[in-house]
Amino acid sequence: MTIINTPIPSPSSSSTSSTFPPPCFTSLYRSSRVLPRVPCTTQRICLTSSLPTTTNNVVSRCFSSSVGVEALVTSKSEDVTAPPRIGDDKIGVLLLNLGGPETLEDVQPFLFNLFADPDIIRLPRLFRFLQKPLAQFISVVRAPKSKEGYASIGGGSPLRQITDTQAEELRKSLWEKNVPAKVYVGMRYWHPFTEEAIEQIKRDGITKLVVLPLYPQFSISTSGSSLRLLESIFREDEYLVNMQHTVIPSWYQREGYIKAMANLIEKELENFDNPEKVMIFFSAHGVPLAYVEEAGDPYKAEMEECVDLIMEELEKRKITNRYTLAYQSRVGPVEWLRPYTDETIIELGKKGVKNLLAVPISFVSEHIETLEEIDVEYKELALESGIEKWGRVPALGCEPSFISDLADAVIESLPYVGVMAVSNLEARQSLVPLGSVEELLATYDSKRTELPPPVIVWEWGWTRSAETWNGRAAMLAVLVLLLLEVTTGEGFLHQWGILPLFR
């Protein structure tokens, strides 16, 4: 259990409060690469009033044009000695992250937890009882190769240690801004599990909670999975039902985050002999294409918009390098977001690109996908493809301006804790998009259980449908055999040593 403790001081009797209107949701239309979203009818950003007695005033800058509205939020601190009015409330911040195995022995059970999540592997309703047996099979088969990867980066993931440090730095930043709070870390697939963090939150008597996923962009498979877990926990616990909370589902458009990313890129470009000739290569974690096209996952649009914002910030600094965006870490036979990182690296080599700077755009902490996949696998591929100079921007980690901006995001969300943040989240492009767990899930992926199958009707003959159903029949046979192995503890998989843990 990871907790960052801060004593709660007595509230100031001289504090005053002011009305804090909800943000107006609007579209940010920046280039043809980003699909325009439904604009707000008022065509403006209206997050402009001061926070009640905090050290931060939110200043919005509204820009209108013939094609849409652009906005970035900035926060500037003022010297205010009195603490904020918190009454008898105890404020908590819950940081959500993926989690990772801390030792090589943790790898297989971590993979089991990962693949047992129906948001990672979605089985047809008829076969959902096989979710855990299938997860056990996949985790055992994949564990040896995964262990090799973790061994190459020191024998385990540094994600927990980094996230704990980020939590501590966030606590300090909130304290410096006169917002005393306790900061908790909840991992989805490894310790400290989200359930463990929630139990500690209850023991500490937290009455107002800000949920902050450490994923800059929202996706069904990352923030969405963690929020669905929270939703199930909240519904079953009377204490949590009565505890006021709000969620910041994504924060990629915040100026502090954008500038922190631009700072890191600018610094790494200086390591090249000719910085202006470097191709900036944004690599993001991929998601299945169906999540975006069928379930309405905003991940792709948010990712493209995030890259645009970073490049706009770099252009202000006279940095106009060529850049591209690709997606990494795909698994399985299904179609994922394109272009793929490995294929794009090969293509860039064929086009004569000699200098490449990799930017892990969807990661704020170093872990297996940056330290091994990017630093080892993709670097080797790049050099083999004709790229002569390779560089990589580090993850944000505890970069001071990044942590300070996360603290500002928490502070700006406090007036919304326990109230409906917005009435219509579908046009949800706000400076700080807020909402409860339930309403956010209802908006972001309401079609999660309605993803259509790859083939709608049954067809006979040498057709795509026939191939699909043949594959399904074969998969059913495999699942039945696997179930027999799991339940009886006997079979050829045990004889071959593939399932030693079931003995």
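The legends below describe close-up views of a predicted model.

**View 1. The chain as a whole, as a setting for the close-ups.** The chain of this predicted model contains 15 helices and eleven strands. Of its 503 residues, 54% count as buried. Among the contacts between residues at least 6 apart in sequence, 78% join residues that are at least 24 apart.

**View 2. The packing of helix H3 with helix H12.** Two packed helices are described by the angle between their axes and the distance between the axes. For helix H3, which spans residues 159–176, and helix H12, which spans residues 400–413, the angle is about 65° and the axes are 9 Å apart. The crossing of H3 and H12 is right-handed. On the side of H3 the contact is made by Gln166, Glu169, Leu170, Ser173 and Leu174, while H12 contributes Phe402, Ile403, Ser404, Leu406, Ala407, Val410 and Ile411. Sorted by class, the residues in this contact of H3 with H12 are eight nonpolar, three polar and one charged.

View 3. Five aromatic pairs are found in the structure. In one of them, the rings of tryptophan 190 and phenylalanine 193 have centres 6.2 Å apart and planes at 70°, and because planes over 60 degrees apart count as edge-to-face, this pair is given that description. Tryptophan 190 is buried, with a relative accessible area of 10%, and phenylalanine 193 is also buried, with a relative accessible area of 17%. Tyrosine 299 and tyrosine 327 form a tilted pair, with 6.4 Å from centre to centre and 55° between the planes. This second pair links distant parts of the chain, since tyrosine 299 belongs to helix H9 (residues 299–316) and tyrosine 327 to strand E9 (residues 323–328), 28 residues apart. Both tyrosine 299 and tyrosine 327 are buried. Elsewhere, ring pairs link Trp251, Tyr257 and Phe402 into a cluster, and Phe402 is also one of the residues of H12 that take part in the contact with H3.

**View 4. Charged side chains over aromatic rings.** Arginine 330 lies over the face of tyrosine 340, at 3.8 Å from the ring centre. Lysine 389 lies over the face of phenylalanine 272, at 5.7 Å from the ring centre.

**View 5. The surroundings of threonine 344.** Threonine 344 is located in helix H10, which runs over residues 341–350. With a relative accessible area of 10%, threonine 344 is buried, because that value is under the 20% cut-off. When residues up to four places away in sequence are not counted, threonine 344 touches Phe281, Thr324, Ala326 and Pro339.

**View 6. The surroundings of isoleucine 201.** Isoleucine 201 has its place in helix H4, made up of residues 194–203. The relative accessible area of isoleucine 201 is 0%, so this residue counts as buried, the cut-off being under 20%. Leaving aside residues up to four places away in sequence, isoleucine 201 touches Leu94, Tyr184, Ile206, Leu209, Tyr239 and Met243. Isoleucine 201 and valine 93 are 108 residues apart in sequence, and their C-alpha atoms are 9.4 Å apart in space.

Methods: Residues are numbered from 1 along each chain as its sequence is written. This is a predicted model: local features need pLDDT of at least 70, side-chain atom pairs count only at pLDDT 80 or more; totals for chains, interfaces and linings use all residues. Side-chain values use heavy atoms; hydrogens and water are left out. Axes are lines fitted to C-alpha atoms, for helices over the stretch in contact, and angles run from 0 to 180 degrees between N-to-C directions. Helices (H or I, at least four residues) and strands (E, at least two) are DSSP runs, numbered from the N terminus. A crossing is left-handed if the near helix is turned anticlockwise from the far one by less than a right angle, and right-handed if clockwise. Contact means heavy atoms within 4.5 Å. Ala, Val, Leu, Ile, Met, Phe, Trp, Tyr, Cys and Pro count as nonpolar, Asp, Glu, Lys and Arg as charged, and the others, Gly among them, as polar. Rings of Phe, Tyr and Trp (its six-membered ring) pair if their centres lie within 6.5 Å; planes under 30 degrees apart count as stacked, over 60 as edge-to-face and the rest as tilted. Buried means under 20% relative accessible area, exposed over 50%, partly exposed in between (1.4 Å probe, protein chains only). A charge sits over a ring if NZ of Lys or CZ of Arg is within 6 Å of the ring centre and within 35 degrees of the ring normal.
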